Amino acid sequence: MGNPLRTAQDRRLPRIPEPCALVIFGVTGDLSRKKLIPAVYDLANRGLLPPGFVVVGFARADWGDGDFESLAYAAAKKGARTPWREDVWQRLSSQFQFVPGSFDDDADFDKLAETLDELRERNGIQGNTAFYFSIPPAAFPLVLNQLNRTGLADNAKLGGWRRVVVEKPFGNDLQTAVALNQLVDDVFNPADVYRIDHYLGKETVQNILALRFANSLFEPVWNSKYVDSVQITMAEDVGIGTRAAFYDASGAARDVLQNHLLQLLALVGMEEPTSFDPQEVRAEKLKVLKAISLPADIAAGSVRGQYLPGWVAGERAVGYLEEKNIPPDSTTETYVAVRLGIQNRRWAGVPFYVRVGKRMPRRVTEIAILFKKAPHLPFDPADVEMLGNNQLVIRVQPDEGVVLKFGSKVPGTAMEVRDIAMDFQYGEAFTESSPEAYERLVLDVLIGDRTLFPDAAEVEQSWRVIDPLEAAWAGTTPEPYRSGEWGPRASDEMLEREGRAWRRA
Amino acid sequence: MIGLWDTTGNEVVKALAAERRSAGGVASGLALTLIAVVEEKKVREAEAAATIAAAAHPCRVLIVVRSDLDGRSRLDAEIVVGGRLGPAEAVVMRMYGRLALHAESVVIPLLAPDVPVVSWWHEEPPESIANDFLGVVADRRITDSAQAPDPVAALRQRAADYAPGDTDLTWTRITLWRTLVAGAFDTTEAKVIGARIVAPEKDPTAWLMLGWLKSRLGVEPVLEHTDRAPRMHSVELQCENGDCVRVTREEGTALFSRTGQEDRYMPLPKRPVGDELAEELRRLDADQIYAEALGAMAGLSGLDHRPSMRVHVWKDPALAARAASTSDALAG
C-alpha cells in the first residue's frame with residue numbers, strides 16, 4: 001500500500017530512514033571524530049533522522065562512558081557544518097551509548113548485543129541495524145566473527161535489515177581485496193555491503209552524471225571523434241601527515257588512484273545507464289573499468305615520484321624520506337602519473353592521463369576534457385598562435401564548478417584569437433551549506449540507496465588496473481620532485497613525447 | 001554600490017551592467033531572477049532573506065518598493081553587486097507616482113535573459129495577482145498570507161485566485177510538520193480514520209495542514225481552537241487499529257508520541273524567512289500537493305487544471321477611487 005502521505009510529486013518531504021540503530025566500531029578513531037559523529041549531528045539537526053534512532057559506539061576499553069560523551073561532544077561541535085544547537089545535541093547524545101571492549105573478547109560483544117537489544121526495544125526499532133567499520137582491515141575478521149557468533153548479523157533472527165559499511169582501503173591488491181570481500185560476504189548479504197568512496201558523495205561528482213546525461217550539448221562530442229585527451233588531476237598540498245605506517249606500505253597508487261581517480265574516470269567514460277537504478281549505474285561503471293588498458297610499456301607510460309624538501313604555500317616542507325617513521329631508503333611513491341586508455345568504440349585512441357600527488361603547489365581535484373583542434377583554421381597562423389585546445393573542466397574541489405575554455409577574438413582592429421575561460425561556479429556559501437560527502441553517504445546507507453557506493457566487482461576490477469602497474473614498478477626508485485612543484489620533470493616529458501602538456505590545474 | 005536618484009529605467013540597466021563588469025567574474029551562473037515586492041519598512045528584511053536564498057540559488061534580486069501613488073512619477077535605484085548581499089546581484093528600486101503602476105516597464109529590461117522569474121510579495125498578498133504585472137510576468141509566484149490582516153481569509157482568496165505556479169509561505173512553514181507526520185506512516189500500514197489539529201483561530205498553517213490531511217487521507221480533520229499557543233500546537237491522527245500518533249510543538253522541538261512507544265523529541269525550529277524562500281526556489285514547477293491541500297481547505301476542486309498563464313487585468317486605483325466618489329455623490 002505504501003505511505004498515503006508520501007507521493008513522488010511531493011518533493012519537499014525529505015527521505016528519512018526507518019527507525020534504526022547505527023553501530024560504529026572504532027568510534028574513538030580519527031575518521032569517526034572528524035567525519036562520522038559530525039555527520040550524524042548534522043543529519044539530526046536537519047531533521048533527517050527518524051524518531052527512533054540510536055548510536056552505539058564500540059572501541060577499546062580505556063574510555064569511560066563520560067569520557068566518550070565529552071569526546072563526541074567536542075567532535076560534533078568542531079566538525080558540524082550546520083549551526084550548533086545544544087538541545088539537538090542533548091537529545092541526540094541521550095540516544096548515544098558507548099560500549100568499551102576489545103575485538104577478541106566474547107563477553108564484550110555479548111554486552112554489545114545486549115545493549116543493542118535493549119535500545120532497540122525501548123525505541124521501537126525492528127531489528128534495523130547498520131554496522132560502520134571504522135577500523136583497520138586487519139581487525140575485520142575478528143569483528144565479523146564476533147558478529148556472526150552473537151547473531152548480530154543474522155537477518156532471519158532479528159528481522160528488518162542489516163547493513164555494513166566499510167572504508168577504504170579495500171585490500172592491498174586484487175588477492176587481498178577478493179579475500180576481504182569474501183570475508184564480509186560470508187557474514188553479510190553482498191547487497192548489504194556499502195563501500196564508502198567519499199568522492200562519490202561530493203555534489204560535483206554527482207553533477208558529472210547530470211552534466212552528461214541531462215544535456216544534449218555535450219554528449220555528441222563526448223567521444224574519440226572530438227576529444228583529444230582527458231586529464232584527471234588530484235593534487236594535495238599536504239604531505240602524508242600522521243599516516244606514515246599505512247602510507248609507506250601502500251603509496252599514492254593504492255591510496256587514491258585505485259579508488260577515487262578510477263571512479264572519476266569511470267563516471268566520465270561510462271555509457272548512459274538505462275536508468276538511475278543502482279544496478280544499472282554500477283553495471284555501466286564496471287564496463288568502463290573492464291575496458292581500461294594500461295600503457296604497452298609501463299616504464300614509458302607511467303611516472304612515479306617522491307617529494308623532496310621544499311616550500312609549499314610559504315611554508316617549509318620536509319622531504320618524504322625525512323617524514324617521521326618513514327625508512328630513509330623508502331621507495332614508496334607520493335606521486336603517480338599514468339597514461340590509461342579505454343578500449344571501446346567511444347574512447348579508442350583517446351589517452352586518459354591520470355595524476356595524483358602530495359606536496360603539490362595547491363589542493364585541487366579536476367577533470368579536464370581537451371577537445372581536438374579545429375580541422376581547419378581560416379586565419380593567419382600568427383593570429384591563432386595563442387589558441388589552444390577547447391576544454392571542458394569539471395572542478396571537483398575546491399571552488400566546485402565547471403569551466404569552458406574556448407577561443408575568442410581579442411578586441412581590436414586585428415583578427416587575433418586567444419583562449420578565454422567561461423567559469424561557472426557555485427557560490428561560496430552554497431558549497432558550505434550543501435551537505436558534506438559523509439552526511440550524504442551515511443544517510444544513503446540508512447535509507448538503503450546503493451547508487452553512490454562501488455560494489456565488490458568494481459573494487460576488484462580497479463585492482464586489476466593497479467596490480468600490473470605495481471608489479472612493473474617493483475624494485476624501481478621513484479623520481480624525486482621538489483615539494484611545491486607539479487611533480488617530477490619525467491611526467492612533463494611523458495606528455496611532451498606525445499605532443500601534449502599538463503594543464504596547470 | 002551605485003545609488004541613482006530620480007533616474008530612468010535605462011540608466012538602471014546601464015549601471016547594473018557597469019557594476020557587473022567592474023566587479024569581475026561574479027555570479028556568471030544565474031539560476032533565476034527574483035522580484036521582491038515589499039513595502040519600505042521591510043526592505044532590509046527582504047534583502048536579508050534574499051541573501052540567504054541567493055546562497056543556495058544564485059540569482060538576480062530586483063526589489064520593488066511602490067509608494068505615494070498620488071505624487072510625482074519618480075524612480076530611485078540602488079545597485080549592489082557582491083558585497084553586502086552575498087553572491088546575489090541586486091537592484092533596489094523605489095517607485096513613486098503613476099510610475100508605480102507601471103513598475104514592469106522598469107523591471108522587464110532588468111530580468112536576466114531566459115532564466116525563470118519568481119515574484120515574491122513580502123507584504124500583504126494582492127487580492128488578485130492578475131492585477132499586478134509583476135505577478136503576471138513571473139513563472140512562480142510566492143505570497144505570504146500570514147502578512148494579511150485576516151490570514152485565513154487571505155489563504156482562501158489564494159485558492160480562489162490560484163494558478164499553477166503559485167505557492168504561499170504558510171505552506172513552506174509546515175514542511176517540517178508534514179515530514180514528522182508522514183514519517184510516522186513509513187513503517188506501519190495503519191489506516192487513518194480521523195485527525196485533530198489544535199491551533200489558534202487565525203493560524204493559516206493549521207488550515208493548510210487540514211487541507212493536506214483531507215486531500216491525502218480522505219478524512220475530515222477536526223480543527224480545535226486554542227488561545228494558549230501562538231502558532232499551530234499539535235496534530236493528532238487516529239488509526240483504525242486504535243493507535244494514535246501525535247506531534248506537539250514545544251518551543252523549538254516537537255514531541256512525537258505514538259501508542260505503545262516511548263515519547264520522543266525531534267527538532268522543529270522556526271526557520272528564518274530566507275530559509276523558507278530558499279525552499280521555495282528549489283522547485284520552479286507547480287506544486288500539485290499544495291494545490292490539492294489548498295483546494296481541499298477552501299472547498300474548491302480542479303485547481304491544478306487551471307491555466308498557468310495569467311492575463312494582465314488593468315486596474316487603476318485612481319479610477320477606482322474616482323468611481324467610488326462619483327457613486328457616493330450619486331447616492332448622496
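Me: Contact means that heavy atoms lie within 4.5 Å. With which residues is A:Arg60 in contact, leaving aside its neighbours within four places in sequence?

Reply: They are A:Phe98, A:Pro100 and A:Gly101. This is a predicted model, in which local features need pLDDT of at least 70 and side-chain atom pairs count only at pLDDT 80 or more, while totals for chains, interfaces and linings use all residues. Residues are numbered from 1 along each chain as its sequence is written, chains are lettered from A and ligands numbered from 1 in the order in which they are written, and side-chain values use heavy atoms, without hydrogens and water.

Me: Why is A:Arg60 called exposed?

Reply: Exposed means over 50% relative accessible area, buried means under 20%, and partly exposed lies in between (1.4 Å probe, protein chains only). The relative accessible area of A:Arg60 is 61%, so A:Arg60 is exposed.

Me: What makes A:Lys168 partly exposed?

Reply: The relative accessibility of A:Lys168 is 24%, and therefore A:Lys168 counts as partly exposed. Not counting residues up to four places away in sequence, A:Lys168 touches A:Ile196, A:Asp255, A:Val256, A:Asn259 and A:His260.

Me: Which annotation covers A:Arg60 and A:Lys168?

Reply: An unreviewed UniProt entry carries the annotation "binding site" for A:Arg60 and A:Lys168. Such annotations may be inferred rather than shown by experiment.

Me: Where do A:Arg60 and A:Lys168 lie in chain A?

Reply: A:Arg60 is in the loop between β2 (53–59) and α2 (65–79). A:Lys168 is in the loop between β5 (162–167) and α7 (174–187). Helices (H or I, at least four residues) and strands (E, at least two) are DSSP runs, numbered from the N terminus.

Me: What kind of peptide bond joins A:Lys168 and A:Pro169?

Reply: The bond is cis, with omega about 5°. A:Pro169 also belongs to the loop between β5 and α7 of chain A. The bond from A:Gln397 to A:Pro398 is cis as well, with omega near -20°, and A:Pro398 lies in the loop between β15 (391–397) and β16 (401–409) of chain A.

Me: Is A:Arg359 buried or exposed?

Reply: The relative accessible area of A:Arg359 is 16%, so A:Arg359 is buried. A:Arg359 sits in the loop between β13 (352–357) and β14 (364–371) of chain A, and has a positive phi of about 55° although it is not a glycine.

Me: What makes A:Ala313 exposed?

Reply: A:Ala313 is exposed because its relative accessible area is 67%. A:Ala313 has a positive phi of about 50° without being a glycine, and is found in the loop between β10 (310–312) and β11 (315–317) of chain A.

Me: How many helices and strands does chain A have, and why is the chain called as compact as a globular protein of its length?

Reply: Chain A has 16 helices and 18 strands. Its radius of gyration is 25 Å, close to the 23 Å that the globule rule gives for 505 residues, so chain A is as compact as a globular protein of that length. The radius is taken over C-alpha atoms, and the rule is 2.2 Å times the number of residues to the power 0.38. Of these 505 residues, 56% count as buried.

Me: How many helices and strands are in chain B?

Reply: Chain B has 11 helices and 14 strands. With a radius of gyration of 22 Å, close to the 20 Å from the globule rule for 332 residues, chain B is therefore as compact as a globular protein of that length. Buried residues make up 55% of its 332 residues.
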